[in-house]
Amino acid sequence: MSPARSNQVRLLAPDQEALVEAVANGLLTGTATGVPDYVAEDVAAVRAHSVLGKALIPGDGVLLDGIAAWPRTGGPHPLIVLPAGLDPAGWKMYSGAIIRLLMRGYAVVAYTERGLPGSEGKLTVAGEEDVRDGSCVIDWALEHEQLNADSQRIGMAGISYGSGISQLVAHADERVKAVVALSTWADLGEALYDNGTRHTAAAEALAAISDRPSVGLEKVLEEFRANNIEPVLEYASHRSPALLPELRPVPTFFTSFWHETIFPQNQLLEFFERYPGPKRLDLAIGDHGAVEVPGLLLGVHTRTTEAAYDWFDRYLLGVDNGIDRDGVVHTETMHSFGNAAAADLSSWSRAVRRFYLTAPTGQSSDGTLTSEAPSEFSQQFDAAGAQVQAVTALVMDGFRERLLMPVRQQLPEVDRTAAAVWNTARFARPQHIAGTPEIGLTVTPSGREVTVIAYLFDLNAFTGAMRIITHAAGTVHNQEAGQPAEVRMRLQATDYHIPIGHKLVLVVDARDLLYFYPDQPDTGGTVTLSDKHGPAYVDVPMDA
C-alpha cells in the first residue's frame with residue numbers, strides 16, 4: 001500500500017491502516033499477526049471453508065489488482081464484485097466484507113481501480129474505462145470455472161468511489177441484478193459545484209489520492225481551479241448515475257450521511273426519490289464512510305453493512321427477509337442515534353416554520369430569528385475570513401460524531417464584524433428538525449462576486465457552545481460591483497433534535513475551508529444582507 005500524502009482524504013482513520021494490511025494478509029496467508037482475536041477466528045473459519053487468492057485481473061487494456069474468493073462446496077455461487085473506494089488501501093478495505101459474504105455462500109471478487117496503488121493505468125474518476133473495467137472483471141470471474149459463479153445472480157457493491165462505479169456498471173451491464181452503493185453520489189457535478197460555488201476541498205482531496213491522473217482528469221482539474229465550470233459539469237455528467245439517459249430498475253441500496261462533506265446528500269436524495277427500481281436509503285450520523293468502514297474492514301456488525309448483506313440475500317438469493325418491507329428510508333437522528341423508518345422522504349419532513357431575519361438593536365451585536373417580518377432589514381459585515389466552519393477536517397469529524405464527540409464551536413468567539421449572527425429565544429420544549437432548510441435574502445457585495453456560507457447551529461445557551469446542524473454555500477456572480485442579488489439556497493437535509501432550553505442560531509460569513517484554502521488571499525470588501533428583493537428568512541422544517 002502506497003503511503004498517504006498529506007493532502008489526501010482517507011476513508012480509513014490512521015489507526016485503521018495497519019489493520020487493513022493485517023486482515024488482508026490474514027485472509028491470504030492465514031497469519032494472525034496484528035489481527036484482533038475476534039476477527040482472527042472468522043479468518044480461520046473462512047480459510048477452512050473457502051479458497052482465497054490474489055489475482056491480476058485484466059480490465060480494459062490494464063491489469064487490476066484484486067482478490068478472488070469462493071466457498072469450497074456448493075454452487076453455483078452468487079457473485080459479488082467489489083470495486084474499491086478511492087483510498088490507497090484499494091481492495092484490502094473490503095477484507096471484513098469478504099469474510100461475511102463468504103460465510104453467506106457468495107463468491108467474491110474485489111479489485112482496485114485503474115490508477116490506484118497496485119493496479120495499472122491512470123485515474124479517470126469513474127470514466128467509461130472504469131465502467132468497461134467493471135464488466136471485464138465480471139467476464140473474468142465467469143470465465144474461471146473454479147469460482148463456479150452463477151451468471152444469473154451477480155451483485156455489485158462499493159463504498160465511495162466504488163459505489164459510484166458499481167451504479168454505473170449496473171446500469172450499463174444487464175448481468176448485474178442488485179447494487180449496494182455506500183456513501184455514494186448521484187450527480188457528481190452538483191456534489192462538487194452547487195449554488196454557483198466550487199466544493200474545492202473535496203475536489204482537491206479526491207484528486208490527490210492518485211499520482212497517476214489521466215490527461216482528462218488533469219485538464220478538468222485545471223478548469224475547476226480556474227473556475228471554468230462548464231467543462232467540469234460536462235465531465236461530471238458522464239460519471240453521474242442521476243444524469244444517465246436511461247436507468248435500469250436495478251434493486252439498489254443507497255447510504256449517505258447528514259454531515260457528508262465529499263458528496264453532500266441533497267443531490268442523492270433528489271435522485272433517490274425518482275429512482276425507478278426497488279430501493280432503500282440509509283441516512284446516518286457522521287460523515288463519509290463513518291458507519292460502513294468498520295464493517296467492511298473487520299466484518300463487525302454495523303447497521304448498514306448488515307442491511308447490505310440482507311439486500312443481496314433478498315434480490316440474489318430470493319430470501320424473504322423483510323428488507324423490502326421495513327421502510328424505504330431509514331434515518332438516524334443527531335445526536336440521539338434514534339433510528340426511524342419511513343415509506344418515503346416526505347414522511348419525515350415536518351411542516352415548515354419560517355424565521356425572519358431582523359437586524360441587531362440596542363447593545364446587541366446579534367439579530368434575532370422571529371415569526372414576524374420586520375418593516376425593513378439590512379445588515380453588513382466584512383468579507384474578511386472564516387468565522388465558523390462546517391467541519392474542521394473532511395471525514396474525520398464524522399467519526400468523532402459517531403463517538404459522541406461532535407465538534408463544538410463557541411458563539412462568543414465569532415467576530416461580528418466578519419459575520420452576521422441571528423438566534424431564536426430559548427425553546428421551551430425540545431424541537432425536531434427533519435428535512436431541508438432553505439434561506440432567502442438579498443446579497444450585495446461591494447465587488448462583483450462573493451461567496452456566502454449559511455450555517456444553522458444548535459446553541460447551548462448556558463455554555464455558548466454550538467453544534468452544527470447543517471449548512472450551504474452560495475456565490476453571487478454580478479456583472480457590476482455593488483449590485484444586489486437575490487439568493488435562495490437550500491441547506492443540506494438534516495434530521496436533528498434540539499434539546500429544551502437551547503437556541504437555533506444562523507450564522508452567515510464569506511469564507512469556509514470547504515470552499516477556500518488557507519493560502520488563498522482574502523478577497524476583502526463588504527457584504528450587505530437585506531430584504532431588497534423580498535423578505536430575508538430561513539425556512540426550517542420543524543415542529544411549530
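Reader: What makes β13 and β26 a strand pair?

Author: Happy to explain, keeping in mind that this is a predicted model. Pairing takes at least two bridges between two strands. Five bridges join β13 (residues 352–358) to β26, so they count as paired, and the two run antiparallel. One point to look for is Y356, whose bridge partner in β26 is Y537.

Reader: Why is β26 called mostly covered?

Author: A residue is buried when its relative accessible area is under 20%. In β26 (residues 537–541), five of five residues are buried, so the strand is described as mostly covered. Y537, D539 and P541 point one way, V538 and V540 point the other way, and all are buried.

Reader: Turning to the helices, why is α4 called roughly perpendicular to α5?

Author: α4 (residues 128–143) and α5 (residues 161–172) pack at about 75°, with their axes 9 Å apart. Angles of 65 to 115 degrees count as roughly perpendicular, so α4 is roughly perpendicular to α5. The contact is made by D130, V131, G134 and S135 of α4 together with Y161, I165, L168, V169 and A172 of α5. Of these contact residues, six are nonpolar, two polar and one charged.

How values were computed: Residues are numbered from 1 along each chain as its sequence is written. This is a predicted model: local features need pLDDT of at least 70, side-chain atom pairs count only at pLDDT 80 or more; totals for chains, interfaces and linings use all residues. Side-chain values use heavy atoms; hydrogens and water are left out. Buried means under 20% relative accessible area, exposed over 50%, partly exposed in between (1.4 Å probe, protein chains only). Helices (H or I, at least four residues) and strands (E, at least two) are DSSP runs, numbered from the N terminus. Axes are lines fitted to C-alpha atoms, for helices over the stretch in contact, and angles run from 0 to 180 degrees between N-to-C directions. Angles under 35 degrees count as roughly parallel, over 145 as roughly antiparallel, 65 to 115 as roughly perpendicular and the rest as oblique. Contact means heavy atoms within 4.5 Å. Ala, Val, Leu, Ile, Met, Phe, Trp, Tyr, Cys and Pro count as nonpolar, Asp, Glu, Lys and Arg as charged, and the others, Gly among them, as polar.
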